[in-house]
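Trainee: Can we go through this structure together? I'd like to start with the whole chain and then look at some residues.

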Amino acid sequence: MIDRGQTPSIWWQIFAYVVLSAAEVLVSITGLEYAYTHSPKSMKSTMTAVWFVVVSVGNLVTAGVNANIADNGILAKYLVGANYYWYFDVGLVVAFTVAFFFVSPYIKEHNYIENPEPQLKNQIIADTDNL
């Protein structure tokens with residue numbers, strides 16, 4: 001509607017903010033839970049910090065794109081109107097989803113909450129057998 005010069009209702013913007021805020025909360029909870037449960041006890045704070053660094057890098061990418069558009073850079077002529085949202089909401093999401101499909105087979109799963117330190121437990125059992 002905006003591209004055609006019309007003014008949409010404010011409720012569309014409120015709806016968008018509610019959906020985006022809920023999505024961000026759900027993604028943050030899931031990502032932090034994954035980082036916490038799949039890291040050993042000695043690495044929990046480091047993995048949580050890595051999560052926050054990744055979020056910061058994402059924010060820097062967004063800030064860089066917006067700065068490029070504001071300075072009439074190369075992206076200013078391509079990301080006009082609805083194309084701006086298509087770039088972030090479809091383009092980047094599809095690109096990172098495809099990248100995830102190539103990386104995900106190499107991720108080794110281990111839940112340190114349910115099965116803490118399996119190597120250490122086996123080592124202790126082996127040492128007690130030698131007594």
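Predicted model: local features only at pLDDT ≥ 70, side-chain atom pairs only at ≥ 80, totals over all residues.

Trainee: How many helices and strands does the chain have?

Mentor: It has 4 helices and 0 strands. From the N terminus, the order is α-α-α-α. Helices (H or I, at least four residues) and strands (E, at least two) are DSSP runs, numbered from the N terminus.

Trainee: What percentage of the residues count as buried?

Mentor: Of the 131 residues, 11% do. Buried means under 20% relative accessible area, exposed means over 50%, and partly exposed is in between (1.4 Å probe, protein chains only).

Trainee: New topic. How many aromatic pairs are there?

Mentor: The search of the whole structure finds 4. One of them joins Trp 12 and Phe 15, edge-to-face, at 6.4 Å centre to centre with 85° between the planes. Rings of Phe, Tyr and Trp (its six-membered ring) pair if their centres lie within 6.5 Å; planes under 30 degrees apart are stacked, over 60 edge-to-face, and the rest tilted.

Trainee: Where do Trp 12 and Phe 15 lie?

Mentor: Both are in helix H1, residues 10-37. They sit 3 residues apart, about one turn of the helix. Trp 12 and Phe 15 are both exposed.

Trainee: And what about Tyr 84 and Tyr 85, how are their rings arranged?

Mentor: Edge-to-face again, at 5.1 Å centre to centre and 85° between the planes. Ring pairs also link Tyr 84, Tyr 85, Tyr 87 and Phe 88 into a cluster.

Trainee: Is Tyr 84 buried or exposed?

Mentor: Tyr 84 counts as buried because its relative accessibility is 19%. Tyr 85 is at 52%, so it counts as exposed.

Trainee: Now Tyr 36. What lies over the face of its ring?

Mentor: Lys 44 does, at 4.4 Å from the ring centre. A charge sits over a ring if NZ of Lys or CZ of Arg is within 6 Å of the ring centre and within 35 degrees of the ring normal. Tyr 36 is in helix H1. Its relative accessible area is 41%, so Tyr 36 is partly exposed.

Trainee: Which residues is Tyr 36 in contact with, leaving aside neighbours within four places in sequence?

Mentor: Lys 44 and Ile 113. Contact means heavy atoms within 4.5 Å.

Trainee: Last one. What is the phi of Asn 72?

Mentor: Asn 72 has a positive phi, about 55°, although it is not a glycine. Most residues other than glycine have a negative phi. Asn 72 lies in the loop between helix H2 (44-70) and H3. With a relative accessible area of 67%, Asn 72 is exposed.

How values were computed. Residues numbered from 1 in each chain as written. Heavy atoms only, no water.
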